[in-house]
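Have the model open while you read.

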Amino acid sequence: MLLTYKFRVKDKHAAELNRQARAVNFVWNFCEETQRHALKWGKRWPSGYDLCGLTAGSSTLLDVHAHTVQRACIEYEKSRRTQKKRSLKWRGKRSLGWVPFNTGTVSFKDGAFTFRRQRYNVWLSRELPEGARIGAGSFNQDARGRWYINCPVEVPETKSAGTASIGIDLGLKSLVVMSDGETVEAQQFYRDLEPALAVAQRAKNKHRVKAIHAKIANRRKDHLHKLSTRLVRENGAIFVGNVNAAGLAKTKMAKSVMDAGWSTFRTMLEYKAIRHQVLFDVVDERFTTQACHGCGSIAGPKGQTGLNEREWDCPDCGAHHLRDVNAAINIRERGHALLEGGIPGIHAGEDVKAVRKLWHRSSL
Ligand SMILES: [Zn+2]
């Protein structure tokens, strides 16, 4: 499968990338000019191939890779076609920098990328195999002027060695609680930044507030990446409750939900599960909090009113429960039931058959 890796390029390369981005804008605007000329004189619209022909040889003059010029021409024609427009916008100072490259023109070795015989150092936030074959991608700039490299890499689908199964309860206070008791607290990503955030907010320093929030989001994402990678390595099946982030976001709890990043985590788990042939499913989480996982009695704390009740005792079987761990175990049980024949109405997805087909492990 093809995965796109994204790395932040170190700032020392910004000047060079800015320069190349200006050259790309120049090529783009040349394409735009050619298009407008064709419109004005009722001529045939230039194809990507035509534009490549017209710009041939310009790369030496512009001091960029020949394939960068070609990709810019082809992307121009593609954008015009997919947006169904007669002409496009000019690219100028306010356009976010973009330097496309072609398959095989960028390589990765010793922790850095090489493009046009120049090394680009990055913050290696994820592991990328040495000598990975990098497809057609691009260097991209964000609104804050930082540069990133987006490179598609073909990675083999490897089967996870894990045979255990796990249920995951997503919450507000505890972001993630697993059926084995492991917990990720929502607060852990910003506890130490809270004083700084309060200072910035009092000073109405919007720029600083934004930067701190970005830092929190980055930490959380990084943590969830590592956690999801470990989970697909250790498990043959992963079940997650179907908390509706979009639905909850309309209520008072909106802020903390937006902050929670459940959907990010579910998406990560899903694509990693596919990659490692791990069964992943989203199950209906109704009553998972209230039901005792031992005897099934619906006696636990109710919904959001009982949010502060973190532990409870089952009046029917006497078992002591940690609220969220009990919910996670119920989610795992529902996942198992689903695979073994199903409880009508508990499946949040549609195609139960497809799920069973996927399910080829009998070790549970
Ligand atoms: Zn019970």
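Angles under 35 degrees count as roughly parallel, over 145 as roughly antiparallel, 65 to 115 as roughly perpendicular, and the rest as oblique. Helix 1 and helix 4 are therefore oblique to each other. Keep in mind that this is a predicted model, where local features need pLDDT of at least 70, side-chain atom pairs count only at pLDDT 80 or more, and totals for chains, interfaces and linings use all residues. Residues are numbered from 1 along each chain as its sequence is written, and side-chain values use heavy atoms, leaving out hydrogens and water.

Here are the two helix pairs (axes are lines fitted to C-alpha atoms over the stretch in contact, with angles from 0 to 180 degrees between N-to-C directions):

| Pair | Angle | Axes apart |
|---|---|---|
| Helix 1 (residues 14–40) and helix 4 (residues 66–82) | about 45° | 9 Å |
| Helix 6 (residues 206–234) and helix 9 (residues 262–275) | about 35° | 9 Å |

On the helix 1 side, the contact (heavy atoms within 4.5 Å) includes Val24, Trp28 and Cys31, while helix 4 brings Ala72, Cys73 and Tyr76, among others. That contact splits into eight nonpolar, three polar and three charged residues.

Zooming out, the protein chain holds 11 helices and 14 strands (DSSP runs of H or I, at least four residues, and of E, at least two, numbered from the N terminus). Of its 364 residues, 45% count as buried, meaning under 20% relative accessible area with a 1.4 Å probe, protein chains only.

Terms used: Ala, Val, Leu, Ile, Met, Phe, Trp, Tyr, Cys and Pro count as nonpolar, Asp, Glu, Lys and Arg as charged, and the others, Gly among them, as polar. Buried means under 20% relative accessible area, exposed over 50%, partly exposed in between (1.4 Å probe, protein chains only).
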